[in-house]
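Keep the structure in view as you read.

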Amino acid sequence: MKTENVTIGMFGLGTVGSGVAELLNRQGAELEKKYGVAIKLKRIVVRNVNKPRLIQLEPKLLSDNPNDILNDKEINTVIEVMGGVEPACTYTLRALKQNKNVITANKAVLAVKGTEVFRQAIKSGRYLGFRAAVTGFQDIIERLSSAISINNMAGIFNGTCNYILTQMQEHQQEMEPILKQAQDLGYAEEDPSLDIDGYDTADKLAILCILAFGCAVTREDIFTEGIRNITLEDIKFAANLNYRIKLLGIASYENNRLEARVHPCLVPRNNLLSRLEGVENGIQINDELRGKGAFTAPGAGKYPTACAIMSDIINIARGSQIYFPHKIKRIPLKSMAALESAYYLRLNALNESGVLEKIAAVFRRNDINIMSVLQQKTARPKQNKRGLLVPLVIIVDKSKEKNIQKAVGHLQALDVIEGAVSLIRVEERLW
Ligand SMILES: NC(=O)c1ccc[n+]([C@@H]2O[C@H](COP(=O)([O-])OP(=O)(O)OC[C@H]3O[C@@H](n4cnc5c(N)ncnc54)[C@H](OP(=O)(O)O)[C@@H]3O)[C@@H](O)[C@H]2O)c1
(Lines give C-alpha, C1' and ligand atoms only; values in the text may rest on other atoms or scores of the structure.)
Protein backbone atom coordinates (compact mmCIF):
# COMPACT_ATOMS: atom_id res chain seq x y z
CA MET A 1 0.00 0.00 0.00
CA LYS A 2 1.32 3.47 -0.92
CA THR A 3 2.04 5.79 2.01
CA GLU A 4 -0.46 8.64 2.14
CA ASN A 5 -1.49 11.38 4.51
CA VAL A 6 -4.00 10.12 7.04
CA THR A 7 -7.09 12.32 7.17
CA ILE A 8 -9.50 10.92 9.69
CA GLY A 9 -13.25 11.02 10.17
CA MET A 10 -14.42 9.37 13.37
CA PHE A 11 -17.87 8.03 14.24
CA GLY A 12 -18.32 8.29 18.02
CA LEU A 13 -16.78 10.35 20.79
CA GLY A 14 -17.61 8.27 23.86
CA THR A 15 -15.16 6.32 26.03
CA VAL A 16 -12.99 5.06 23.17
CA GLY A 17 -13.48 7.99 20.77
CA SER A 18 -12.43 10.57 23.37
CA GLY A 19 -9.34 8.43 24.10
CA VAL A 20 -8.43 8.38 20.40
CA ALA A 21 -9.00 12.15 20.04
CA GLU A 22 -6.82 12.77 23.11
CA LEU A 23 -3.98 10.54 21.85
CA LEU A 24 -4.10 12.15 18.41
CA ASN A 25 -3.85 15.58 20.08
CA ARG A 26 -0.98 14.44 22.25
CA GLN A 27 1.00 12.33 19.79
CA GLY A 28 -0.14 13.39 16.31
CA ALA A 29 2.79 15.79 15.74
CA GLU A 30 5.29 13.19 16.94
CA LEU A 31 3.84 10.54 14.62
CA GLU A 32 3.93 12.96 11.68
CA LYS A 33 7.65 13.53 12.26
CA LYS A 34 8.32 9.82 12.66
CA TYR A 35 6.42 8.58 9.62
CA GLY A 36 6.64 11.65 7.39
CA VAL A 37 2.89 11.85 6.74
CA ALA A 38 0.33 14.31 8.03
CA ILE A 39 -2.19 12.77 10.46
CA LYS A 40 -5.27 14.93 10.92
CA LEU A 41 -8.58 14.37 12.70
CA LYS A 42 -10.93 16.29 10.41
CA ARG A 43 -14.44 15.39 11.56
CA ILE A 44 -16.23 13.56 14.38
CA VAL A 45 -19.83 12.44 13.96
CA VAL A 46 -21.86 11.92 17.14
CA ARG A 47 -25.53 11.52 17.99
CA ASN A 48 -25.85 14.79 19.87
CA VAL A 49 -23.44 17.64 19.09
CA ASN A 50 -24.60 19.63 22.12
CA LYS A 51 -23.77 16.99 24.69
CA PRO A 52 -21.07 18.03 27.21
CA ARG A 53 -17.81 16.22 26.38
CA LEU A 54 -14.92 14.96 28.49
CA ILE A 55 -12.49 16.40 25.97
CA GLN A 56 -12.21 19.97 24.70
CA LEU A 57 -12.38 20.11 20.92
CA GLU A 58 -13.02 22.79 18.33
CA PRO A 59 -16.84 22.81 17.91
CA LYS A 60 -16.53 22.80 14.09
CA LEU A 61 -15.02 19.32 14.33
CA LEU A 62 -18.35 17.87 15.49
CA SER A 63 -21.31 16.95 13.33
CA ASP A 64 -24.39 14.78 13.52
CA ASN A 65 -24.47 14.11 9.79
CA PRO A 66 -22.72 10.88 8.68
CA ASN A 67 -22.35 12.24 5.15
CA ASP A 68 -19.93 14.86 6.50
CA ILE A 69 -17.50 11.96 6.80
CA LEU A 70 -18.69 9.54 4.14
CA ASN A 71 -18.97 12.10 1.31
CA ASP A 72 -15.81 14.03 2.21
CA LYS A 73 -13.24 13.05 -0.42
CA GLU A 74 -10.33 14.38 1.67
CA ILE A 75 -11.13 11.94 4.50
CA ASN A 76 -9.34 8.70 3.61
CA THR A 77 -9.60 6.93 6.97
CA VAL A 78 -12.72 6.26 9.00
CA ILE A 79 -12.56 5.26 12.66
CA GLU A 80 -15.78 3.60 13.83
CA VAL A 81 -16.17 3.73 17.62
CA MET A 82 -19.91 4.25 17.93
CA GLY A 83 -20.95 0.65 18.68
CA GLY A 84 -24.05 -1.39 17.77
CA VAL A 85 -24.60 -3.30 14.54
CA GLU A 86 -26.58 -0.62 12.71
CA PRO A 87 -26.02 2.00 11.42
CA ALA A 88 -22.35 1.21 12.19
CA CYS A 89 -22.22 -1.64 9.67
CA THR A 90 -23.75 0.46 6.87
CA TYR A 91 -21.24 3.29 7.53
CA THR A 92 -18.34 0.80 7.56
CA LEU A 93 -19.37 -0.75 4.24
CA ARG A 94 -20.05 2.66 2.65
CA ALA A 95 -16.65 3.94 3.76
CA LEU A 96 -14.88 0.89 2.28
CA LYS A 97 -16.89 1.16 -0.95
CA GLN A 98 -15.79 4.80 -1.18
CA ASN A 99 -12.16 3.67 -0.97
CA LYS A 100 -11.57 4.79 2.59
CA ASN A 101 -9.53 2.81 5.12
CA VAL A 102 -11.56 1.70 8.12
CA ILE A 103 -10.46 1.15 11.70
CA THR A 104 -13.11 -0.32 13.95
CA ALA A 105 -13.43 -1.27 17.61
CA ASN A 106 -16.85 -2.73 16.92
CA LYS A 107 -16.81 -6.48 17.55
CA ALA A 108 -20.61 -6.66 17.14
CA VAL A 109 -20.38 -5.57 13.49
CA LEU A 110 -17.57 -8.02 12.73
CA ALA A 111 -19.21 -10.90 14.60
CA VAL A 112 -22.51 -10.43 12.77
CA LYS A 113 -21.36 -9.18 9.35
CA GLY A 114 -17.61 -9.97 9.40
CA THR A 115 -17.59 -11.92 6.14
CA GLU A 116 -19.28 -9.08 4.24
CA VAL A 117 -16.98 -6.43 5.73
CA PHE A 118 -13.82 -8.45 5.04
CA ARG A 119 -14.96 -9.14 1.46
CA GLN A 120 -15.60 -5.45 0.84
CA ALA A 121 -12.19 -4.48 2.27
CA ILE A 122 -10.53 -7.01 -0.06
CA LYS A 123 -12.55 -5.74 -3.04
CA SER A 124 -11.72 -2.10 -2.33
CA GLY A 125 -8.09 -2.89 -1.49
CA ARG A 126 -8.27 -0.68 1.59
CA TYR A 127 -6.90 -1.17 5.09
CA LEU A 128 -9.31 -2.66 7.61
CA GLY A 129 -7.99 -2.36 11.15
CA PHE A 130 -9.80 -4.21 13.89
CA ARG A 131 -7.31 -5.06 16.64
CA ALA A 132 -9.35 -2.91 19.06
CA ALA A 133 -12.33 -5.20 18.42
CA VAL A 134 -10.44 -8.29 19.53
CA THR A 135 -9.29 -7.10 22.94
CA GLY A 136 -6.17 -5.30 21.71
CA PHE A 137 -3.78 -8.28 21.83
CA GLN A 138 -0.65 -6.94 20.16
CA ASP A 139 0.34 -8.96 17.09
CA ILE A 140 -2.53 -11.46 17.41
CA ILE A 141 -4.07 -10.47 14.09
CA GLU A 142 -0.79 -10.93 12.24
CA ARG A 143 -0.11 -14.21 14.04
CA LEU A 144 -3.53 -15.73 13.39
CA SER A 145 -4.04 -14.53 9.86
CA SER A 146 -0.61 -15.70 8.70
CA ALA A 147 -0.97 -19.13 10.33
CA ILE A 148 -1.56 -22.21 8.26
CA SER A 149 -1.72 -24.85 10.93
CA ILE A 150 -3.55 -23.69 14.04
CA ASN A 151 -5.21 -26.64 15.77
CA ASN A 152 -6.90 -24.87 18.61
CA MET A 153 -7.06 -21.74 20.69
CA ALA A 154 -8.58 -20.81 24.02
CA GLY A 155 -8.75 -17.49 25.75
CA ILE A 156 -10.23 -15.01 28.16
CA PHE A 157 -11.69 -12.24 26.03
CA ASN A 158 -13.89 -10.37 28.46
CA GLY A 159 -12.27 -8.25 31.16
CA THR A 160 -15.54 -7.67 33.05
CA CYS A 161 -16.14 -11.39 33.61
CA ASN A 162 -12.54 -12.00 34.59
CA TYR A 163 -12.72 -9.10 37.02
CA ILE A 164 -15.90 -10.47 38.61
CA LEU A 165 -14.56 -14.03 38.93
CA THR A 166 -11.21 -12.97 40.39
CA GLN A 167 -12.87 -10.57 42.85
CA MET A 168 -15.27 -13.34 43.97
CA GLN A 169 -12.23 -15.51 44.66
CA GLU A 170 -10.19 -12.80 46.35
CA HIS A 171 -12.95 -11.33 48.56
CA GLN A 172 -14.95 -14.55 49.00
CA GLN A 173 -18.11 -12.73 47.96
CA GLU A 174 -21.08 -13.66 45.78
CA MET A 175 -21.40 -12.14 42.30
CA GLU A 176 -24.04 -9.51 43.00
CA PRO A 177 -22.03 -7.01 45.13
CA ILE A 178 -18.97 -7.49 42.91
CA LEU A 179 -21.00 -6.78 39.77
CA LYS A 180 -22.35 -3.62 41.40
CA GLN A 181 -18.78 -2.56 42.22
CA ALA A 182 -17.69 -3.31 38.62
CA GLN A 183 -20.52 -1.07 37.38
CA ASP A 184 -19.47 1.73 39.77
CA LEU A 185 -15.87 1.44 38.50
CA GLY A 186 -17.06 1.59 34.89
CA TYR A 187 -15.90 -1.98 34.09
CA ALA A 188 -19.45 -3.21 33.57
CA GLU A 189 -22.37 -1.67 31.72
CA GLU A 190 -25.66 -0.93 33.46
CA ASP A 191 -27.11 -3.84 31.47
CA PRO A 192 -24.29 -6.36 32.00
CA SER A 193 -25.86 -9.10 29.87
CA LEU A 194 -23.52 -8.69 26.90
CA ASP A 195 -20.56 -9.41 29.17
CA ILE A 196 -21.78 -11.84 31.83
CA ASP A 197 -23.99 -13.91 29.52
CA GLY A 198 -20.96 -14.53 27.29
CA TYR A 199 -22.10 -12.74 24.09
CA ASP A 200 -19.13 -10.34 24.00
CA THR A 201 -16.75 -13.31 24.31
CA ALA A 202 -18.65 -15.12 21.51
CA ASP A 203 -18.34 -12.03 19.26
CA LYS A 204 -14.57 -11.96 19.72
CA LEU A 205 -14.25 -15.72 19.25
CA ALA A 206 -16.20 -15.45 15.98
CA ILE A 207 -13.73 -12.86 14.65
CA LEU A 208 -10.73 -14.94 15.77
CA CYS A 209 -12.19 -18.03 14.04
CA ILE A 210 -12.47 -16.12 10.76
CA LEU A 211 -8.84 -15.09 11.11
CA ALA A 212 -7.35 -18.37 12.31
CA PHE A 213 -9.35 -20.90 10.31
CA GLY A 214 -10.80 -18.84 7.46
CA CYS A 215 -14.26 -20.04 8.47
CA ALA A 216 -17.38 -17.91 8.36
CA VAL A 217 -18.62 -17.98 11.93
CA THR A 218 -21.16 -15.67 13.50
CA ARG A 219 -22.10 -15.24 17.12
CA GLU A 220 -25.29 -17.30 16.55
CA ASP A 221 -23.20 -20.33 15.53
CA ILE A 222 -21.35 -20.40 18.82
CA PHE A 223 -22.64 -22.27 21.87
CA THR A 224 -22.66 -19.55 24.52
CA GLU A 225 -23.13 -19.83 28.25
CA GLY A 226 -22.12 -17.03 30.62
CA ILE A 227 -21.09 -16.80 34.26
CA ARG A 228 -24.46 -15.73 35.71
CA ASN A 229 -24.97 -19.01 37.60
CA ILE A 230 -21.49 -19.27 39.10
CA THR A 231 -21.68 -19.05 42.88
CA LEU A 232 -19.11 -18.43 45.59
CA GLU A 233 -19.58 -22.09 46.53
CA ASP A 234 -18.37 -23.10 43.03
CA ILE A 235 -15.37 -20.78 43.34
CA LYS A 236 -14.45 -22.32 46.72
CA PHE A 237 -14.91 -25.92 45.58
CA ALA A 238 -12.85 -25.23 42.46
CA ALA A 239 -10.04 -23.73 44.57
CA ASN A 240 -10.06 -26.81 46.84
CA LEU A 241 -9.61 -28.96 43.77
CA ASN A 242 -6.73 -26.74 42.49
CA TYR A 243 -8.71 -25.04 39.75
CA ARG A 244 -9.91 -21.53 38.98
CA ILE A 245 -13.20 -20.78 37.23
CA LYS A 246 -12.75 -18.72 34.05
CA LEU A 247 -15.04 -17.75 31.19
CA LEU A 248 -13.27 -19.13 28.11
CA GLY A 249 -13.79 -18.85 24.38
CA ILE A 250 -12.51 -22.11 22.86
CA ALA A 251 -12.15 -23.11 19.22
CA SER A 252 -10.52 -25.97 17.38
CA TYR A 253 -10.36 -27.11 13.79
CA GLU A 254 -9.92 -30.72 12.82
CA ASN A 255 -10.90 -32.84 9.81
CA ASN A 256 -12.73 -29.90 8.22
CA ARG A 257 -14.92 -29.55 11.32
CA LEU A 258 -14.91 -26.47 13.53
CA GLU A 259 -15.69 -26.50 17.21
CA ALA A 260 -16.39 -23.10 18.81
CA ARG A 261 -17.87 -22.58 22.25
CA VAL A 262 -18.02 -20.09 25.11
CA HIS A 263 -18.69 -21.16 28.68
CA PRO A 264 -17.25 -21.09 32.18
CA CYS A 265 -14.51 -23.67 32.73
CA LEU A 266 -12.52 -25.12 35.58
CA VAL A 267 -8.95 -24.35 34.54
CA PRO A 268 -5.95 -25.91 36.37
CA ARG A 269 -4.55 -23.37 38.81
CA ASN A 270 -1.04 -23.31 37.29
CA ASN A 271 -2.28 -22.54 33.77
CA LEU A 272 -1.51 -19.10 32.31
CA LEU A 273 -5.19 -18.25 31.74
CA SER A 274 -5.97 -19.31 35.29
CA ARG A 275 -3.43 -16.83 36.59
CA LEU A 276 -4.83 -13.81 34.71
CA GLU A 277 -6.30 -11.43 37.25
CA GLY A 278 -8.83 -8.60 37.06
CA VAL A 279 -9.67 -7.17 33.65
CA GLU A 280 -6.70 -8.85 31.95
CA ASN A 281 -7.30 -10.90 28.78
CA GLY A 282 -5.22 -13.76 27.40
CA ILE A 283 -5.14 -16.31 24.60
CA GLN A 284 -3.29 -19.57 24.08
CA ILE A 285 -2.75 -20.86 20.56
CA ASN A 286 -1.69 -24.34 19.62
CA ASP A 287 -0.10 -24.36 16.19
CA GLU A 288 0.94 -27.71 14.76
CA LEU A 289 3.97 -26.26 12.98
CA ARG A 290 4.95 -23.20 14.99
CA GLY A 291 4.23 -24.70 18.40
CA LYS A 292 2.41 -23.15 21.28
CA GLY A 293 2.07 -19.44 21.86
CA ALA A 294 0.38 -17.21 24.38
CA PHE A 295 -0.54 -13.53 24.37
CA THR A 296 -1.94 -11.35 27.12
CA ALA A 297 -3.58 -7.92 26.90
CA PRO A 298 -4.74 -5.38 29.46
CA GLY A 299 -8.41 -5.84 28.54
CA ALA A 300 -10.92 -3.17 27.67
CA GLY A 301 -10.92 0.48 28.68
CA LYS A 302 -10.36 3.89 27.18
CA TYR A 303 -6.57 3.90 26.74
CA PRO A 304 -5.85 0.22 25.91
CA THR A 305 -8.55 0.39 23.20
CA ALA A 306 -7.45 3.82 21.92
CA CYS A 307 -3.84 2.55 21.78
CA ALA A 308 -4.94 -0.44 19.67
CA ILE A 309 -6.60 2.04 17.27
CA MET A 310 -3.42 4.16 17.22
CA SER A 311 -1.45 1.05 16.14
CA ASP A 312 -3.76 0.76 13.12
CA ILE A 313 -3.36 4.49 12.34
CA ILE A 314 0.43 3.96 12.43
CA ASN A 315 0.08 0.97 10.09
CA ILE A 316 -1.81 3.14 7.61
CA ALA A 317 0.80 5.92 7.94
CA ARG A 318 3.56 3.35 7.26
CA GLY A 319 1.71 1.90 4.30
CA SER A 320 1.45 -1.55 5.93
CA GLN A 321 -1.29 -3.91 4.93
CA ILE A 322 -3.39 -6.02 7.22
CA TYR A 323 -4.00 -9.62 6.34
CA PHE A 324 -7.12 -11.63 6.63
CA PRO A 325 -8.35 -14.68 4.76
CA HIS A 326 -9.27 -13.95 1.14
CA LYS A 327 -11.51 -16.98 0.89
CA ILE A 328 -13.83 -17.37 3.84
CA LYS A 329 -15.50 -20.75 3.77
CA ARG A 330 -18.65 -22.00 5.48
CA ILE A 331 -18.07 -25.29 7.20
CA PRO A 332 -20.32 -27.20 9.58
CA LEU A 333 -19.79 -26.53 13.27
CA LYS A 334 -19.46 -29.52 15.55
CA SER A 335 -22.58 -29.82 17.66
CA MET A 336 -22.21 -29.34 21.40
CA ALA A 337 -23.74 -32.80 21.97
CA ALA A 338 -20.63 -34.31 20.35
CA LEU A 339 -18.25 -32.61 22.81
CA GLU A 340 -16.23 -34.82 25.14
CA SER A 341 -14.99 -33.25 28.33
CA ALA A 342 -14.48 -33.80 32.03
CA TYR A 343 -17.17 -32.17 34.15
CA TYR A 344 -17.73 -30.65 37.58
CA LEU A 345 -21.21 -31.10 39.01
CA ARG A 346 -22.44 -29.47 42.22
CA LEU A 347 -25.67 -30.56 43.81
CA ASN A 348 -27.47 -30.43 47.14
CA ALA A 349 -28.24 -33.94 48.38
CA LEU A 350 -30.05 -35.27 51.43
CA ASN A 351 -27.66 -36.26 54.18
CA GLU A 352 -28.84 -39.87 54.58
CA SER A 353 -27.60 -43.35 53.77
CA GLY A 354 -28.09 -44.72 50.26
CA VAL A 355 -27.98 -41.31 48.57
CA LEU A 356 -24.54 -41.78 47.07
CA GLU A 357 -25.58 -45.15 45.59
CA LYS A 358 -28.59 -43.52 43.88
CA ILE A 359 -26.34 -40.80 42.44
CA ALA A 360 -23.68 -43.31 41.34
CA ALA A 361 -26.38 -45.41 39.61
CA VAL A 362 -27.38 -42.41 37.46
CA PHE A 363 -23.79 -41.95 36.29
CA ARG A 364 -23.39 -45.70 35.66
CA ARG A 365 -26.57 -45.78 33.55
CA ASN A 366 -25.27 -42.92 31.40
CA ASP A 367 -21.83 -44.42 30.88
CA ILE A 368 -20.04 -41.80 33.00
CA ASN A 369 -17.07 -42.53 35.21
CA ILE A 370 -16.85 -40.66 38.55
CA MET A 371 -13.32 -39.42 39.34
CA SER A 372 -13.90 -37.87 42.76
CA VAL A 373 -16.60 -36.80 45.17
CA LEU A 374 -16.14 -33.91 47.54
CA GLN A 375 -18.40 -33.01 50.39
CA GLN A 376 -17.85 -29.74 52.18
CA LYS A 377 -19.11 -28.87 55.63
CA THR A 378 -20.94 -25.55 55.59
CA ALA A 379 -21.50 -23.24 58.54
CA ARG A 380 -25.22 -22.93 57.76
CA PRO A 381 -26.38 -26.13 56.05
CA LYS A 382 -29.59 -25.98 54.04
CA GLN A 383 -32.57 -28.07 55.00
CA ASN A 384 -35.77 -29.32 53.37
CA LYS A 385 -38.74 -31.08 54.96
CA ARG A 386 -36.99 -34.46 54.76
CA GLY A 387 -33.79 -33.38 56.50
CA LEU A 388 -30.39 -31.74 56.17
CA LEU A 389 -28.92 -31.09 52.72
CA VAL A 390 -25.22 -31.29 51.98
CA PRO A 391 -23.45 -29.74 49.01
CA LEU A 392 -21.69 -32.41 46.97
CA VAL A 393 -19.23 -31.89 44.17
CA ILE A 394 -18.61 -34.69 41.72
CA ILE A 395 -15.85 -34.62 39.12
CA VAL A 396 -16.40 -37.01 36.27
CA ASP A 397 -13.92 -38.35 33.75
CA LYS A 398 -13.99 -37.36 30.09
CA SER A 399 -17.58 -38.09 28.99
CA LYS A 400 -19.94 -37.26 26.18
CA GLU A 401 -21.84 -33.97 26.60
CA LYS A 402 -25.09 -35.62 25.54
CA ASN A 403 -24.65 -38.26 28.28
CA ILE A 404 -23.85 -35.70 30.94
CA GLN A 405 -26.89 -33.60 30.01
CA LYS A 406 -29.07 -36.70 30.31
CA ALA A 407 -27.48 -37.53 33.68
CA VAL A 408 -28.16 -34.00 34.96
CA GLY A 409 -31.85 -34.43 34.05
CA HIS A 410 -31.97 -37.80 35.85
CA LEU A 411 -30.18 -36.39 38.93
CA GLN A 412 -32.59 -33.47 39.16
CA ALA A 413 -35.49 -35.93 39.11
CA LEU A 414 -34.13 -37.89 42.11
CA ASP A 415 -36.09 -37.33 45.32
CA VAL A 416 -32.82 -37.10 47.30
CA ILE A 417 -31.59 -34.07 45.33
CA GLU A 418 -32.86 -30.55 45.99
CA GLY A 419 -32.82 -27.82 43.36
CA ALA A 420 -30.78 -27.47 40.18
CA VAL A 421 -27.52 -29.26 39.49
CA SER A 422 -24.68 -26.90 38.50
CA LEU A 423 -22.54 -28.13 35.65
CA ILE A 424 -19.16 -26.68 34.70
CA ARG A 425 -16.87 -28.16 32.07
CA VAL A 426 -13.30 -28.95 33.14
CA GLU A 427 -10.71 -27.81 30.61
CA GLU A 428 -7.64 -29.98 31.13
CA ARG A 429 -6.31 -29.67 27.57
CA LEU A 430 -4.75 -26.24 28.15
CA TRP A 431 -1.01 -26.19 28.81
N1 LIG B 1 -15.31 0.95 26.09
C2 LIG B 1 -14.38 0.04 25.91
O3 LIG B 1 -13.56 -0.22 26.79
C4 LIG B 1 -14.29 -0.71 24.60
C5 LIG B 1 -13.25 -1.64 24.40
C6 LIG B 1 -13.14 -2.30 23.17
C7 LIG B 1 -14.05 -2.04 22.17
N8 LIG B 1 -15.07 -1.14 22.42
C9 LIG B 1 -16.02 -0.90 21.33
O10 LIG B 1 -15.86 0.45 20.90
C11 LIG B 1 -17.12 0.98 20.46
C12 LIG B 1 -17.45 2.25 21.24
O13 LIG B 1 -17.48 1.97 22.61
P14 LIG B 1 -17.58 3.15 23.69
O15 LIG B 1 -17.46 2.48 25.02
O16 LIG B 1 -16.64 4.25 23.36
O17 LIG B 1 -19.09 3.63 23.48
P18 LIG B 1 -19.81 4.93 24.07
O19 LIG B 1 -19.02 5.49 25.20
O20 LIG B 1 -21.22 4.55 24.32
O21 LIG B 1 -19.76 5.99 22.87
C22 LIG B 1 -20.50 5.82 21.69
C23 LIG B 1 -20.34 7.07 20.84
O24 LIG B 1 -20.95 6.85 19.58
C25 LIG B 1 -21.88 7.88 19.28
N26 LIG B 1 -23.01 7.30 18.58
C27 LIG B 1 -23.80 6.26 18.97
N28 LIG B 1 -24.75 6.00 18.05
C29 LIG B 1 -24.56 6.90 17.07
C30 LIG B 1 -25.23 7.16 15.82
N31 LIG B 1 -26.27 6.43 15.43
N32 LIG B 1 -24.76 8.14 15.05
C33 LIG B 1 -23.69 8.87 15.42
N34 LIG B 1 -23.02 8.69 16.59
C35 LIG B 1 -23.45 7.71 17.39
C36 LIG B 1 -22.29 8.46 20.62
O37 LIG B 1 -22.70 9.81 20.42
P38 LIG B 1 -23.16 10.77 21.65
O39 LIG B 1 -21.91 10.96 22.46
O40 LIG B 1 -23.64 12.00 21.02
O41 LIG B 1 -24.20 9.99 22.38
C42 LIG B 1 -20.98 8.32 21.43
O43 LIG B 1 -20.16 9.43 21.24
C44 LIG B 1 -18.13 -0.16 20.67
O45 LIG B 1 -18.26 -0.88 19.48
C46 LIG B 1 -17.46 -1.02 21.74
O47 LIG B 1 -17.87 -2.39 21.69
C48 LIG B 1 -15.20 -0.46 23.58
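Helix α4 passes helix α9 in a left-handed crossing. The model is predicted. Two packed helices are described by the angle between their axes and the distance between the axes.

**α4 against α9**

- Helix α4 covers residues 107-124, and helix α9 covers residues 199-213.
- They pack at an angle of about 25 degrees, with their axes 7 Å apart.
- Angles under 35 degrees count as roughly parallel, so α4 is roughly parallel to α9.
- On the α4 side, the contact is made by Lys 107, Ala 108, Leu 110, Ala 111, Gly 114, Thr 115 and Phe 118.
- On the α9 side, Asp 200, Asp 203, Lys 204, Ala 206, Ile 207 and Ile 210 take part.
- The residues of this contact divide into seven nonpolar, two polar and four charged.

**α3 against α4**

- Helix α3 spans residues 88-97.
- α3 packs with α4 at an angle of about 10 degrees, and their axes lie 9 Å apart.
- These two helices are therefore roughly parallel to each other.
- α3 brings Ala 88, Cys 89, Thr 92, Leu 93, Leu 96 and Lys 97 to the contact.
- α4 meets them with Val 109, Lys 113, Glu 116, Val 117, Gln 120, Ala 121 and Ser 124.
- By class, the contact of α3 with α4 has seven nonpolar, three polar and three charged residues.

**Cysteines**

- A disulfide is a covalent bond between the sulfur atoms of two cysteines.
- How many disulfides does the structure hold? It holds zero.
- Cys 161 is in no disulfide. Its nearest cysteine sulfur, that of Cys 265, is 12 Å away.
- Is Cys 161 buried or exposed? Cys 161 counts as buried, because its relative accessibility is 1%.
- For Cys 209, the closest cysteine sulfur is in Cys 215, 7.1 Å away.

**Helix α12**

- Helix α12 runs over residues 355-365.
- Which residues of α12 are buried? They are Val 355, Ile 359, Ala 361, Val 362 and Phe 363.
- These buried residues pack against the strands β13 (340-350), β14 (370-375), β16 (387-400) and β17 (417-426), and against helix α13 (401-413).
- Just after α12, Asp 367 takes a positive phi of about 65 degrees.

Technical notes
Residues are numbered from 1 along each chain as its sequence is written. This is a predicted model: local features need pLDDT of at least 70, side-chain atom pairs count only at pLDDT 80 or more; totals for chains, interfaces and linings use all residues. Side-chain values use heavy atoms; hydrogens and water are left out. Axes are lines fitted to C-alpha atoms, for helices over the stretch in contact, and angles run from 0 to 180 degrees between N-to-C directions. Helices (H or I, at least four residues) and strands (E, at least two) are DSSP runs, numbered from the N terminus. Angles under 35 degrees count as roughly parallel, over 145 as roughly antiparallel, 65 to 115 as roughly perpendicular and the rest as oblique. A crossing is left-handed if the near helix is turned anticlockwise from the far one by less than a right angle, and right-handed if clockwise. Contact means heavy atoms within 4.5 Å. Ala, Val, Leu, Ile, Met, Phe, Trp, Tyr, Cys and Pro count as nonpolar, Asp, Glu, Lys and Arg as charged, and the others, Gly among them, as polar. A disulfide is a pair of cysteine sulfur atoms within 2.5 Å. Buried means under 20% relative accessible area, exposed over 50%, partly exposed in between (1.4 Å probe, protein chains only).
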